[in-house]
Amino acid sequence: MSTLTRPPRVATDSPVRRTSPRRAGRRGAYKGLLFTLPFLVGFLFTYVVPIGYAFSQSLQQKRSTGLGFGPTKVVFVGLANFAAILTDGTFWSSMLRTLLFGAAQIAVMLGISLLLALLLDGVAARAVRFFRAGLLIPYVVPTVVSALMWLFLYSPTASPILDMADRAGTQLTLFGGLNTYLSLGNVLTWQGIGFNMILISASLQALPRELYEAARLDGAREWRIAWSVKVPNITGILVLTGMFSLIGRLQLFAEPLLLRYVAPESISTDFTPMMEIFDRAFKTGDYQYAAAESLVLAVVTGILAFVFYRVTNRKTS
């Protein structure tokens, strides 16, 4: 009797384990967290920790013992520093001065940047690269270096500008009254034109060229195309550059501080909020009050930037 033999079993692959969507999502979240971990650590130690330390300092004051003749000690005073800032005329005067000066200077700077960007938009590509690089050089130069350069140009004893004016028989005054703001505004405008022009020019390059062709077919000239077609379509970048410039003006420090060396009677130690905070912390030694002022300045800057963005964005939308 023949016996039936069973055919050998064919080895089959082991079943593939499928990862659940929840587990896959967790794994992706962990990987994303690892990629962002260096940024989070840097943000924590360069922003969060200093702000927390400044807030803790702002809740304290230095007080002398023994009727003012004994050693000083730091005591907790709560919100007393912030209450004092609300009635500090020097601090708010510097804030108002900076805002009024910034409003005029930013308008002039963005106007020139827009004009240059519109002019470059109609130039050949090679020429555009050349002019862009040339106009961007002032922005690339560090702030302190450019301020020192203008410090030399404004110096009463070494300025070639004043020397040429004297040879021409003109008595030129760079500081004092309105001239102080014009001289400082010239430095800031020189620094910021190139950067803002690059941003505006990039927005112009992103616009579809069909808009220009349609306008030309309707008989519009180049100046009309620029005013009625190009400018209305780049209002977003104009609002953005204006907001960045406003934040920068409220943080104005290096330029007036260095120019003060040639015009100490025109640029006071409390010319800007940052200069007042610097003087309070490192010359007066009142670090606690200066910390409170810096936090108030940060809050005011954030509120003004938010209001500026909402108002201008509402008008342009």
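## Phe278 and Phe282

Phe278 has 30% relative accessibility, so Phe278 counts as partly exposed. The classes run as follows: buried is under 20% relative accessible area, exposed is over 50%, and partly exposed lies in between (1.4 Å probe, protein chains only). Phe282, at 58%, counts as exposed.

Both residues belong to helix H12 (residues 273–282). They sit four residues apart, about one turn of the helix. Helices here are DSSP runs of H or I with at least four residues, strands are runs of E with at least two, and numbering starts at the N terminus.

## Model and confidence

This is a predicted model: local features need pLDDT of at least 70, side-chain atom pairs count only at pLDDT 80 or more, and totals for chains, interfaces and linings use all residues. Residues are numbered from 1 along each chain as its sequence is written, and side-chain values use heavy atoms, without hydrogens or water.

The chain averages a pLDDT (the predictor's confidence in each residue, from 0 to 100) of 85. At least 70 is reached by 88% of the residues. Confidence is highest in helix H2 (residues 80–86), with a mean of 95. Helix H4 (residues 125–140) has the lowest, at 74. Where pLDDT is low, the predicted coordinates should not be read in detail.

## Overall fold

The chain holds 13 helices and two strands. Of its 317 residues, 33% are buried. Take contacts (heavy atoms within 4.5 Å) between residues at least 6 apart in sequence: 66% of them join residues at least 24 apart.

The accessible surface comes to about 20,600 Å². Carbon and sulfur atoms account for 66% of that surface. Areas come from the Shrake-Rupley method with a 1.4 Å probe; for residues, only the protein chains shown count as cover.

## Aromatic pairs

Rings of Phe, Tyr and Trp (its six-membered ring) pair if their centres lie within 6.5 Å; planes under 30 degrees apart are stacked, over 60 edge-to-face, and the rest tilted. The count comes to twelve aromatic pairs. The Phe91 and Trp92 pair is edge-to-face, because the ring centres are 5.3 Å apart and the planes meet at 80 degrees. Phe278 and Phe282 form a tilted pair, 5.2 Å centre to centre with 45 degrees between the planes.

Phe91 is buried, at 0% relative accessibility. Trp92 is partly exposed, at 29%. Elsewhere, ring pairs link Trp150, Tyr154, Phe175 and Trp190 into a cluster.

## A charge over a ring

The charged end of Lys230 sits over the ring of Tyr212, 5.0 Å from the ring centre. The rule asks for NZ of Lys or CZ of Arg within 6 Å of the ring centre and within 35 degrees of the ring normal.
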